[in-house]
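Subject: Structure for you to look at

Dear colleague,

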There are 2 protein chains.
Amino acid sequence: MSVLIVGSTALDSIKTPTAENPRLLGGSASHASVAASFFSPVRLVGVVGDDFPKKYLELYRRHKIDLAGLQILPGKTFHWSGEYEANMNHRRTLLTELGVFETFSPGLPKSHQTTPFVLLANIAPALQHHVLDQIRRPKFVVADTMDLWLNIALPDLLKLLPRLDGFVLNDSEAHQLTQEDNMFTALKKIHKLGPKYVIIKKGSHGSILSGPKGFFLCPAYPLPKVVDPTGAGDSFVGGMMGYLAAARGSIDANIRRAMIYGSVTASFCCEGFGLTRTTKIKRADIDRRVKELEKLTRF
Amino acid sequence: MSVLIVGSTALDSIKTPTAENPRLLGGSASHASVAASFFSPVRLVGVVGDDFPKKYLELYRRHKIDLAGLQILPGKTFHWSGEYEANMNHRRTLLTELGVFETFSPGLPKSHQTTPFVLLANIAPALQHHVLDQIRRPKFVVADTMDLWLNIALPDLLKLLPRLDGFVLNDSEAHQLTQEDNMFTALKKIHKLGPKYVIIKKGSHGSILSGPKGFFLCPAYPLPKVVDPTGAGDSFVGGMMGYLAAARGSIDANIRRAMIYGSVTASFCCEGFGLTRTTKIKRADIDRRVKELEKLTRF
């Protein structure tokens, strides 16, 4: 089955002490769509300016991503620029130019309005609502978010949560939302806000699912070197949704394995700047790491 | 088989915003010995003063801990006092009185000198050396440590590492020792210092083993409430060594499961002040959580 993914489509300029990587393909929808494309057909919903490099449109197409929902408008593509410290652990935003993103209103082509799997990747909650309003009887809807929306659009986000099947956020966002240090208690509090499935991402410490079948402790694939974690969270949730859309059987029967596939897809994302590493792998590379992860966790 | 455990035997006074817990039984050897006692016979090596409460000697005995190596000397028992902040995440040392611990020299009774499994729990590396000097042909020797010894006794610790089979430390200590942020790279660097098995503890994020069979990602048992993490690391390594000493087959065949048992034993430790919770459980309670952990990690 297909996955519809709405989110940001951006150009990321990433500086490190030793390298500059100007205008890489980035944004939550780009990362999530490429990740999901290893498993299922993807329908991307987003906006870019008329400066958007053709090579990135070709990159989407190579991943068989349906671009009927991608608006190309006169003006500049959303551009984010950031700088890493020497140990790669801290990132500082240098510049954010919204460009055509500032007035983005995601209108869904008719063909997209019955997509069974919907990923509302990180974007303003108002836009997540707007996309969901246009979808008819989706099978499974998941949203991701970021601290920015907790700060400036919390009421919109709180109205979104009861409309979701699943909600994904990281540990510091879960703390911000619930004022809980303990992530298992935070998960229970977030369920009360609406979603049946809640996933807290903990970076290199893996992730935790809380759902109808209880908790699942999902490991992260061990990486001796992290080049650039930008987009890893988007890759995780994109890979997970792609896997779920392709799997037979119930969500409960598949979601743990889907998280493992998402986790492994995210591990590749961390091994290169932007999407440079993820776009070089094949499904077989993902399968191989999933098998390794099985061995690394067996007891 | 038996496990010999040397470490501190102390009285811990733990203050929280809502309670005071004066003179609880504490110390690395106390926590590790009680944890190991669920699986194997334990020989404790340590020192206490003549103020040491009789009820704690009885507690050791109830756990069938052999006290032939516990010196009771005129003077005061090592006393540590600390205070927790409201969120229980930060602990501040209020007082450290070494007492009889200041001049402790662990002499092993003859009966103890051939113990097959040896745990050098957290204590000065010079004392860990001194105990190891007295042991004949041990089967498996593991040491734990703490940041204090990295700061004030690093040369002694570096001389100890090649004498060990296994070395256990937490993530911030691993960073301090290797200057590495990435724990998988840190593990490789620590192997070069001597030990064949290296385990990095990450608190609620579990632990990582690096050994001849590669990495093992060991989960922590999910706790919705942590009352007092003091002694959790000692309980982990104590439980692990107790399980290994009881298991048939090679270390490689058993160490992953041993870590799981250690992890679960540590989870009970966190649910009460000092040893109050751990001393109320039975082996069956541990087995039940291990089964749960199997379910929580299956995919």
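Predicted model: local features only at pLDDT ≥ 70, side-chain atom pairs only at ≥ 80, totals over all residues.

**How the two chains are arranged**

Chain B can be laid on chain A by a turn of 180 degrees with a shift of 0.0 Å along the axis, and the RMSD of that superposition is 0.0 Å. The two copies are thus related as by a two-fold rotation axis. The same surface serves both copies, since 100% of the contact residues of chain B recur in chain A. Within chain B, the residue that comes closest to the rotation axis is H205(B), whose C-alpha lies at 3.1 Å from it.

**The interface**

In contact terms, 27 residues of chain B meet 28 residues of chain A. About 2400 Å² is buried between chain B and chain A, and carbon and sulfur atoms give 59% of that area. The count of salt bridges between the two chains is zero, whereas 14 residue pairs are found in polar contact across the interface, both residues being at pLDDT 80 or more. On the side of chain B that touches chain A, the elements that give two or more residues are α7 (183–191), β13 (214–218), α9 (251–269) and α10 (283–297) of chain B. The largest share, five residues, comes from α10(B). By class, this side of chain B has 13 nonpolar, six polar and eight charged residues.

Leaving aside neighbours within four places in sequence, N182(B) is in contact with L223(A), P224(A) and K225(A). With a relative accessible area of 16%, N182(B) is buried.

**Buried places within each chain**

Helix α3 (residues 125–134) of chain B is mostly covered, with seven of its 10 residues buried; the buried residues are P125(B), L127(B), Q128(B), H129(B), V131(B), L132(B) and Q134(B). What covers them includes the strands β1 (3–6), β8 (117–120) and β9 (140–144), together with the helices α4 (147–152) and α5 (154–160), of chain B.

H112(B), found in the loop between β7 (91–97) and β8 of chain B, counts as buried at 0% relative accessibility. The side chain of H112(B) makes a polar contact of 3.1 Å with the side chain of S111(B), and, not counting residues up to four places away in sequence, H112(B) touches L4(B), R43(B), V45(B), D66(B), A68(B), G69(B) and I135(B).

In chain A, H79(A) lies in strand β6 (residues 79–84) and counts as buried at 12% relative accessibility. The side chains of H79(A) and S13(A) are joined by a polar contact of 2.8 Å. Although H79(A) and A10(A) are 69 residues apart along the chain, their C-alpha atoms are separated by 5.7 Å. Beyond four places in sequence, the residues in contact with H79(A) include R23(A), L95(A), T96(A) and E97(A).

**Salt bridges**

The structure holds 20 salt bridges over all chains. In one of them the side chains of R289(A) and E271(A) meet at 2.9 Å, N to O. This pair links distant parts of the chain, 18 residues apart, with R289(A) in helix α10 (residues 283–297) and E271(A) in the loop between α9 (251–270) and α10 of chain A. R289(A) is buried, with a relative accessible area of 10%, whereas E271(A) is partly exposed at 24%.

Another salt bridge, also 2.9 Å from N to O, joins the side chains of R283(A) and D287(A). Both residues lie in helix α10 of chain A, four residues apart, which is about one turn of the helix. R283(A) counts as partly exposed at 33% relative accessibility, and D287(A) counts as partly exposed at 25%.

With best wishes

How values were computed. Residues numbered from 1 in each chain as written. Chains lettered and ligands numbered in written order. Heavy atoms only, no water. Least-squares fit on C-alpha atoms with pLDDT ≥ 70 in both. Contact = heavy atoms within 4.5 Å. Buried area = accessible area lost by both parts, 1.4 Å probe. Salt bridge = Lys/Arg side-chain N within 4 Å of Asp/Glu carboxyl O. Polar contact = N/O pair within 3.5 Å; in protein donor to acceptor, adjacent residues only side chain to side chain. Nonpolar A, V, L, I, M, F, W, Y, C, P; charged D, E, K, R; others polar. Buried < 20%, exposed > 50% of the residue type's maximum accessible area, 1.4 Å probe, protein only.
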